[in-house]
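Trainee: Please take me closely through one part of this model, the space inside it, and then through the packing around that space. Give the cut-offs as you go.

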Amino acid sequence: MRTNDEALLKIKYNVLHEVAKLAFSGELDEKRDEIPFKLIPGPKAQFRCCVYKEREIIRQRVRLAEGKCPSGKHSDNMIQVIPSACEECPITRFVVTDNCQKCMGKACQNACNFGAISIGRDRAHIDPDKCKECGKCAQACPYNAIAELIRPCRRACPVDAITMDLDTGICQIDEKKCIQCGACVRSCPFGAITSKVFIVQVINALKAGKKVVAMVAPAAEGEFGADITMGSWRTALKKVGFADMVEVAAGGDMTAAYEAMEWAEAYKEGKKMTTSCCPAFVNLIKKHYPTLIDNLSTTVSPMCAVSRMLKAKDPETVTVFIGPCMAKKAEAADKSVEGNADFVLTFGEAIELMRAKDVELEPEEYKDQEASVFGKRFGNGGGVTNAVIQCLKEQGESTDIKVARCSGPADVKKALLLMKVGRLPEDFIEGMMCQGGCVGGPSNLKQETTFKKDRDALIGKADERGVWENLKNYDMESFSMHRTYEKQ
C-alpha cells in the first residue's frame with residue numbers, strides 16, 4: 001500500500017523547502033528554530049492534537065532534513081522513525097470482533113496479565129492504553145473472536161525489521177535486519193517513518209564552489225510528463241549551480257556490459273548468480289541470505305559506475321544521485337565501495353532544492369542521448385535482464401540462459417530461497433525489491449501505471465544504438481567496474 005495523503009507530502013516538502021532556502025541564504029543556524037512556528041502558526045492544530053505536538057514533529061523533520069536522526073540519538077540507518085509522529089498511532093493490534101459470545105469462562109480476560117480486558121454489555125473490550133500486544137487473549141479465545149490487526153509499517157516490511165515498543169507504542173527498526181528498502185516509509189499513513197535527507201550538504205557543496213555533478217536515474221523519464229526530458233533536468237540543475245548532469249542510464253549500459261561478462265563466465269562454470277544493481281536486494285542477501293554472497297555479481301551499480309567515471313576525470317568532483325530509491329542513500333554511505341556517489345537525493349528532495357532557488361523543470365526538446373534504450377529501461381522490472389542479454393548478443397555469447405526476473409519482496413525471497421537450497425531452476429536471478437522495478441520505488445511521486453504512457457513516449461524517441469556501441473563514448477579503461485563484499 002502506498003499512501004497518497006497530500007497533507008503528508010505537503011508537510012514533508014514544506015520543511016525541505018524552508019531548510020533549503022535558509023541553507024542557500026546562510027541563515028539555517030540562525031533561523032532553524034523558527035521553522036516550526038512558521039509552518040505551524042497556530043493557535044489551532046492542523047493535523048494533530050495540538051500545535052505543540054505539530055511543532056515538535058516539524059522540529060524533528062528539520063533534523064532529518066539536515067541528515068541527522070530525529071530524536072538526537074546516533075544511528076547510521078537511513079530509514080528513521082519520527083517518535084513524535086508515531087507515538088499516537090491509533091491502531092490497536094488486537095481487536096474484539098462480533099464473534100465474541102461474552103462467554104462465562106472469560107478466557108481472554110484470564111489470559112491477560114495487564115488487566116487490559118473488561119467484559120462489557122455485549123462483548124469483551126480491550127483497553128489500548130493497557131494492552132501490551134502480547135497476543136495471549138487471542139490465543140485463549142475459544143471462538144477466535146479477537147483479531148490481530150498488523151500496523152501498516154510492520155505489514156509492509158519484507159524482513160520483519162519493525163517491532164513496537166510495548167511501553168510507548170512507537171515502532172522500532174531493527175537495524176540488523178533492515179534492508180533500507182523504504183517500504184515502511186510509503187506505507188505509513190502518518191508520515192512517521194522517513195529517511196535522512198542530505199539537501200543541506202549538497203547546498204553547502206554548491207555554495208563552496210565545488211564541482212558538483214548530478215546523476216539522474218533513468219526512472220525519471222516520463223514521471224514528470226512527456227515533455228520533461230533529461231535536457232529539462234540538466235538545464236534546471238545548472239540554474240541551481242550544478243556543473244553538469246549525467247544520465248545514470250549510461251551507467252546502466254556500463255553495468256549491463258560488465259555483468260554480461262560475469263554471467264557468461266559463470267554460465268560456462270555452471271555457477272548461478274544474481275544481479276547487484278538494487279541496493280536493497282544486495283542488503284537482503286548480505287543480511288538474510290549470507291551464504292549467497294558469493295553468488296552476487298561483483299559489478300557495481302549504475303550509480304556507482306557513473307560516479308567513478310566522473311571522479312576518474314576529476315577526483316574533486318562531488319557526485320549527487322537523484323532518483324526514486326531510498327536504499328541508494330545507504331549504498332552511497334557504504335565506505336567499502338570506493339568512488340560511489342557522495343550524496344543521494346530523491347526526486348522530491350531535488351525538486352525542493354530547485355524550488356528554493358525558484359527553479360522548475362520546464363519542457364525541453366529531446367536531445368543529447370547518453371544511453372541506449374536498454375540502459376534507459378534499467379529501471380523497469382526485467383530491464384536489467386534485457387540489457388544483459390543484449391550485451392551477450394553483441395559480444396557473440398550464448399543467450400541460451402534462463403533468468404528469474406523478480407520484482408517485489410515475494411518473488412525475490414522465493415527465488416533466493418530456491419537458490420539457497422540448490423533448487424533454483426533458472427541460471428540467474430534479477431532482483432529488484434520494489435514491485436515493477438525502480439519505477440515502483442518508494443520515492444516516486446507517482447505510481448508507474450500513471451506515467452507509463454509518457455515514459456514509453458519519451459524512451460521511444462531514443463535511437464537504436466547498442467549497449468557496447470554506446471560505451472564507445474566513454475573511457476571505460478579509466479575506472480574499475482567491480483567491487484567486493486564484506487561479510488556481515
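**The largest cavity and its surroundings**

Mentor: The largest cavity has a volume of about 320 Å³. A cavity here is a set of points, on a 1 Å grid over the protein atoms alone, where a 1.4 Å probe fits but cannot get out, and lining residues have an atom within 4 Å of a point. The lining of the largest cavity has 26 residues, and Cys277, Pro279, Cys325, Lys328 and Cys438 are the closest to its centre. Helices α13, α14 and α15 are the elements that give two or more residues to this lining. Helices (H or I, at least four residues) and strands (E, at least two) are DSSP runs, numbered from the N terminus. A volume is the space filled by probe spheres set on the grid points, which are joined across faces, edges and corners.

The model is predicted, and local features need pLDDT of at least 70, while side-chain atom pairs count only at pLDDT 80 or more and totals for chains, interfaces and linings use all residues. Residues are numbered from 1 along each chain as its sequence is written, and side-chain values use heavy atoms, with hydrogens and water left out.

By class, the lining of the largest cavity has 21 nonpolar residues, 4 polar and 1 charged. In this scheme Ala, Val, Leu, Ile, Met, Phe, Trp, Tyr, Cys and Pro count as nonpolar, Asp, Glu, Lys and Arg as charged, and the others, Gly among them, as polar. The structure holds 8 cavities of 30 Å³ or more.

Lys328, one of the residues closest to the centre of the largest cavity, also lies over the face of Phe321, at 5.9 Å from the ring centre. A charge sits over a ring if NZ of Lys or CZ of Arg is within 6 Å of the ring centre and within 35 degrees of the ring normal. Elsewhere, Lys357 lies over the face of Phe24, at 4.9 Å from the ring centre.

Helix α14 covers residues 302-313 and contains Ser307. What is the relative accessible area of Ser307? The value is 0%, so Ser307 is buried. Buried means under 20% relative accessible area, exposed over 50%, and partly exposed in between, with a 1.4 Å probe and protein chains only. Beyond four places in sequence, Ser307 touches Met215, Thr319, Gly339, Asn340 and Ala341, where contact means heavy atoms within 4.5 Å.

Now the open space. The largest pocket has a volume of about 790 Å³. A pocket is an open set of grid points with protein on both sides within 12 Å along at least five of seven lines. Its lining has 38 residues, and Ala330, Glu331, Ala332, Ala333 and Asp334 lie nearest the centre of the pocket. Two or more lining residues come from each of α13 (279-288), α15 (327-333) and β13 (343-346). Helix α15 gives the most, with 6 residues. The pocket lining divides into 16 nonpolar, 10 polar and 12 charged residues.

Helix α16 is mostly covered, with 7 of its 9 residues buried. They are Phe347, Gly348, Glu349, Ala350, Glu352, Leu353 and Met354.

Trp233 and Phe347 form a tilted pair, 6.0 Å centre to centre with 40° between the planes. Trp233 lies in helix α11 (residues 230-240) and Phe347 in helix α16 (residues 347-355), 114 residues apart, and the pair links these distant parts of the chain. Both Trp233 and Phe347 are buried. The rings of Trp263 and Phe428 have centres 4.3 Å apart and planes at 5°, so that pair is stacked. Trp263 is in helix α12 (residues 248-269) and Phe428 in strand β15 (residues 428-432), so the pair ties together parts 165 residues apart in sequence. Trp263 and Phe428 are buried as well. Rings of Phe, Tyr and Trp (its six-membered ring) pair if their centres lie within 6.5 Å; planes under 30 degrees apart count as stacked, over 60 as edge-to-face and the rest as tilted. Ring pairs also link Phe224, Trp233 and Phe347 into a cluster.

Some backbone details remain. A cis peptide bond, with omega of about 0°, joins Gly42 and Pro43, and Pro43 sits in the loop between α3 (35-39) and α4 (51-65). Gln180 is not a glycine but has a positive phi of about 60°, and it is in the loop between β7 (171-173) and α9 (183-187).
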